[in-house]
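Welcome! Have a look at the model first, then try each task before reading its solution.

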Amino acid sequence: MHCDCHIHMALDGSDWKAALARHKTAPDEVFIRATLKNYQTLGFDFLRDGGDRWGAGEFAAKIAAEYGIRYRTPCFPIYKRGHYGSFIGRGYETLDEFRALVREVKERGGHFIKIMISGLMDFNHYGILTDTPMPADEVTAITDIAHEAGFAVMAHANGDAAVSAAIAAGIDSVEHGAYLTEETLHQLAESRTVWVPTLATIGNLVGEGRFPDEAVKPLLAYQEAAVAKAAALGWMKGRLVPEVEAFSMDFCLHVLVPQLYPEGLKALRQEQARGASVLLITASPSFYLEPLETMLGVEAVIGTRMNVDDRERY
């Protein structure tokens, strides 16, 4: 099974303005069928759409079965007027207006609700988002409305504040999720919220010339590191301590140590030969680095300690 968990049928990955213009009179059936055919050829059988206000994703959902594809769409994203999302979604001002849009999604056969609660990454400036996050109490209010209507909720969310508010509100999936801190990654691991991170889109911009690499490269590196941490935290939740210890030993022995730079190891040995006490300090979870204390002969590994319950489970 191949799946793409975040697409926009209305877009083409090239020129977003020209792509959306293609559907403004009516969904471009030729383009949509060609896109579905391409996914079918590549072996995909599940697509999860982020929606658009012109009905391209909605039309694709109606014909996707012809290509052996299960297709899920929110029909259109919902954004707060005056904030990010007007280029592709439908806006609301009051909670009553939001409820009306949720009812419309149900009437049109949408599969879930998509909300926009933050801006986008600014690809020209590392660490910057294009809009302020939606207040946490409003995130909770609109999430509750969607859940009460029987829908799961997908949230376009970037930045620590927006993603933390989404998780606290019980949102079902967070899309993109740029610039998450260690604390929010732990919050994510303890929740039932699914994270659908953005990597390929950022990676495809490196070296392309549209945006400065000094902004795009560190963003990609940050995202890759965050995804790796989230995967580790999600993997270890509920596992027994001996199981995690065995995994950590295997990882250090067969993956990590062989990739250490020879120059770094040489410098470490020189310092140890001089009688220096060496500490390995990291903000990452310490469990998968602790075997290095013995393997490298360092004094201690200091990192983020994971909670263990009285049953010896993480």
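**Exercise 1.** Work out whether E243 is buried, exposed or partly exposed, and find the salt bridge that joins E243 to R239.

*Solution.* In this predicted model, E243 has a relative accessible area of 38%. Buried means under 20% and exposed means over 50%, so E243 is partly exposed. Next, take R239: its relative accessibility is 24%, so R239 counts as partly exposed. Finally, the side chains of these two residues, E243 and R239, form a salt bridge with an N to O distance of 2.5 Å.

**Exercise 2.** Find the salt bridge between R311 and D309, and classify the exposure of each partner.

*Solution.* Start with the distance: the closest N and O atoms of R311 and D309 are 3.2 Å apart. A salt bridge needs such atoms within 4 Å, and this pair forms one. R311 reaches 56% relative accessibility, so R311 is exposed. D309, with a relative accessible area of 27%, is partly exposed. Elsewhere, salt bridges with shared partners link E58, R90, E104 and R108 into one network.

**Exercise 3.** Which parts of the chain does the pair K80 and E138 tie together?

*Solution.* First, the contact: K80 and E138 meet through their side chains in a salt bridge of 3.0 Å, N to O. Now place each partner. K80 belongs to strand 4 (residues 77-80) and E138 to helix 5 (residues 136-148), so the pair ties together parts that are 58 residues apart in sequence.

**Exercise 4.** How many salt bridges does the structure hold?

*Solution.* The count is 17 salt bridges.

How values were computed. Residues are numbered from 1 along each chain as its sequence is written. This is a predicted model: local features need pLDDT of at least 70, side-chain atom pairs count only at pLDDT 80 or more; totals for chains, interfaces and linings use all residues. Side-chain values use heavy atoms; hydrogens and water are left out. Helices (H or I, at least four residues) and strands (E, at least two) are DSSP runs, numbered from the N terminus. Buried means under 20% relative accessible area, exposed over 50%, partly exposed in between (1.4 Å probe, protein chains only).
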